[in-house]
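Please open the structure in a viewer and keep the selection tool at hand.

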Amino acid sequence: MNAVLIALLLLPLLGAALTLAPVFGPDRAVADRRALRLNTVVTGSVLLLAVALAAGFDHDEPARMQATTDVSWIPALHVRLHLGVDGVSLPLVVLTALLTFLCALYSEKRLPDGETVPSAQAFVGLFLLLEVGMLATFAVLDLLLFFLAFEIVLIPMYFLIARWGSGAKVPSANRFILYTLLGSAVMLLGFLLIGSKAGTFDMQALAAAHGSGLSHTTQVIAALAILVGLAVKAPAWPLHSWLPDAHTAAPTVGSVLLAGVLLKMGTYGLVRVLLPVVPDGAATLAPYLGAFAAVGIVYGSLACLALARPGAKGDLKRLIAYSSVGHMGFVLLGIASLTPVGVNGALFANIAHGLITGLLFFVVGALKDRYGTADLDTLAGTTGAALYGRAPRLGVLLAFAAVASLGLPGLAGFWGELLAMFGAFDPAAGLSRPAFVTYMVLAGLGTLLTAAYLLIVVKRVCMGDPEQPAPVAELADLRPYEAVSWTPLAALTLLAGLWPALLLGLSDPAVKHLLGGG
């Protein structure tokens with residue numbers, strides 16, 4: 001299985017390198033079609049490898065690191081090529097492979113428009129390089145390799161926004177790269193401090209030591225640096241301001257991957273590095289993380305309510321971006337509780353958010369393509385956009401994703417938020433229970449606000465009088481390539497909601513292992 005994991009990382013890297021070779025032919029249109037087909041084939045093969053990895057995973061021992069490779073890479077810096085997956089990282093690897101394949105499939109029929117774009121080869125090369133970085137982030141077990149994988153994704157995503165985006169795409173891409181690079185630089189300082197004091201960058205060895213050999217002061221300083229760096233990517237309030245602009249400007253597939261995978265890299269780092277490696281520092285900072293998470297939940301929901309009201313000229317993509325601030329607040333609250341229940345809820349909410357928000361961005365991107373805008377007032381007009389009457393399949397999918405996002409029981413969004421609040425209700429020993437109960441109450445308020453703005457969106461976009469004049473003469477309903485790209489996300493959202501043990505059975509032993517000194 002270690003060969004499968006290595007192939008999982010090498011295949012998209014080789015595919016990205018192939019886009020630089022003159023093998024697609026001199027004809028521009030033919031070369032573009034071949035490049036997009038290569039993208040689908042490579043990402044589809046990666047998905048098959050991810051499924052094989054999951055099938056070969058020993059589900060009786062999810063706390064044990066499996067499919068491992070551990071060889072010396074840079075001896076002078078004590079850096080090792082250390083790879084592996086456990087019950088925490090395996091679901092994220094499969095989610096990443098699935099979303100990238102669906103995005104590649106979608107792009108083959110609907111390549112994002114862009115100004116001065118040289119060819120589809122450039123898009124495919126950046127897309128596959130982005131996949132390498134995302135997968136490697138969840139597979140590496142060395143702090144410096146984790147930082148390297150963390151950084152690989154930034155440049156491809158920058159160009160996907162700046163060259164294939166819309167609106168204020170260059171300023172949005174600049175803000176994205178500035179925030180994330182500065183956050184990564186701070187995170188690297190924390191990694192270097194840990195490595196210099198512990199004498200190793202190996203994440204398994206550091207987790208097994210569980211902070212021994214690191215003074216309390218060292219742990220707090222390192223934890224603060226790592227927390228700030230990862231909170232930017234998460235994104236945590238108030239370090240979130242790059243996200244709405246990036247989502248609004250990004251092409252549809254860029255928004256799907258940004259929300260579905262890139263945000264998860266930050267929260268995964270908190271669970272993989274912060275909690276087991278510097279536990280004293282994590283315990284010291286947990287109340288502050290919980291407070292910021294609770295504020296982020298309410299703030300994100302209020303921002304969405306403001307965008308959803310009539311006359312606000314709210315952009316639907318921007319609204320979903322702000323909703324991500326609130327949803328990721330639940331993830332951060334679960335992590336801040338330092339309990340197995342809360343952390344399991346955070347990991348479940350990670351996967352659920354990737355599935356649901358990916359579907360939301362796909363549907364809203366399709367609406368923007370059809371209408372030429374994602375402005376909610378323009379879409380809804382005076383009586384509502386009436387998707388149920390004009391494009392019923394699109395309307396049903398949008399409503400399904402919305403009720404999943406608000407946490408309807410029986411769908412994936414419910415369990416993560418519920419477990420995160422349970423974790424806050426009874427936090428780990430040493431944390432202030434009254435403070436965390438307050439955070440839980442604020443999170444509960446956030447669920448009500450979330451339901452309010454999402455139901456307003458459904459009312460304005462899906463309901464209305466189909467006989468009233470529409471912004472477009474004829475609205476196409478769900479197209480075949482859209483159905484193929486989106487149906488797996490809807491099906492998995494339902495499956496995870498009805499069978500939560502599918503994910504919790506993997507993550508729970510691994511989480512207890514990490515919290516107990518894994």
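Is His-210 buried, partly exposed or exposed? The model is a predicted one, and in it His-210 has a relative accessible area of 25%, so the residue is partly exposed.

**First stop: backbone angles**

Keep His-210 selected and note its place in the loop between α8 (203-209) and α9. Although His-210 is not a glycine, its phi is positive, at about 55°. Most residues other than glycine have a negative phi, and most peptide bonds are trans.

Next, select Ala-67, which lies in strand β1 (residues 66-74). Ala-67, likewise not a glycine, has a positive phi of about 55°. Its relative accessible area is 13%, so Ala-67 is buried; the cut-off for buried is under 20%.

**Second stop: the loop between α9 and α10**

Move to the loop that joins α9 (216-233) and α10 (242-249), where Pro-235 is located. The peptide bond leading from Ala-234 to Pro-235 is cis, with omega near -10°. Now select Pro-238, which is also placed in the loop between α9 and α10. The peptide bond from Trp-237 to Pro-238 is cis, and its omega is near 5°.

Two packed helices are described by the angle between their axes and the distance between the axes. Select helix α4 (residues 120-139) together with helix α5 (residues 143-152): their axes come within 7 Å and cross at roughly 150°. An angle over 145 degrees counts as roughly antiparallel, and α4 and α5 are therefore roughly antiparallel to each other. The crossing in which α4 passes α5 is left-handed.

To view the contact itself, display Leu-129, Gly-133, Ala-136 and Thr-137 on α4, which meet Phe-146, Ala-149, Phe-150 and Ile-152 on α5. By class, the residues of this contact comprise six nonpolar, two polar and no charged.

Remain on α5 and select Glu-151, which is found in that helix. Glu-151 counts as buried because its relative accessibility is 16%. Beyond its neighbours within four places in sequence, Glu-151 is in contact with Leu-181 and Ser-184. A distance may also be drawn from Glu-151 to Asp-70: the two are 81 residues apart in sequence and 22 Å apart in space, C-alpha to C-alpha.

Select Thr-43, whose place is in helix α2 (residues 28-56). With a relative accessibility of 0%, Thr-43 counts as buried. Which residues surround Thr-43, leaving aside its neighbours within four places in sequence? Thr-43 is in contact with Ala-97, Thr-100, Phe-101, Ala-104, Phe-127, Leu-128 and Glu-131.

In soluble globular proteins, nonpolar side chains tend to be buried together. The largest nonpolar core here has 186 residues, and those touching the most other members are Phe-146, Phe-176, Ile-194, Leu-257, Leu-262, Val-461 and Trp-486. Helix α14 (residues 340-371) gives the most to this core, namely 18 residues.

Finally, centre the view on Phe-176. Apart from its neighbours within four places in sequence, Phe-176 is in contact with Leu-154, Met-157, Tyr-158, Ile-161, Trp-242, Ala-246, Leu-258 and Leu-262.

Technical notes
Residues are numbered from 1 along each chain as its sequence is written. This is a predicted model: local features need pLDDT of at least 70, side-chain atom pairs count only at pLDDT 80 or more; totals for chains, interfaces and linings use all residues. Side-chain values use heavy atoms; hydrogens and water are left out. Axes are lines fitted to C-alpha atoms, for helices over the stretch in contact, and angles run from 0 to 180 degrees between N-to-C directions. Helices (H or I, at least four residues) and strands (E, at least two) are DSSP runs, numbered from the N terminus. Angles under 35 degrees count as roughly parallel, over 145 as roughly antiparallel, 65 to 115 as roughly perpendicular and the rest as oblique. A crossing is left-handed if the near helix is turned anticlockwise from the far one by less than a right angle, and right-handed if clockwise. Contact means heavy atoms within 4.5 Å. Ala, Val, Leu, Ile, Met, Phe, Trp, Tyr, Cys and Pro count as nonpolar, Asp, Glu, Lys and Arg as charged, and the others, Gly among them, as polar. A nonpolar core is a set of buried Ala, Val, Leu, Ile, Met, Phe, Trp, Tyr and Cys residues joined through side-chain atoms within 4.5 Å. Buried means under 20% relative accessible area, exposed over 50%, partly exposed in between (1.4 Å probe, protein chains only).
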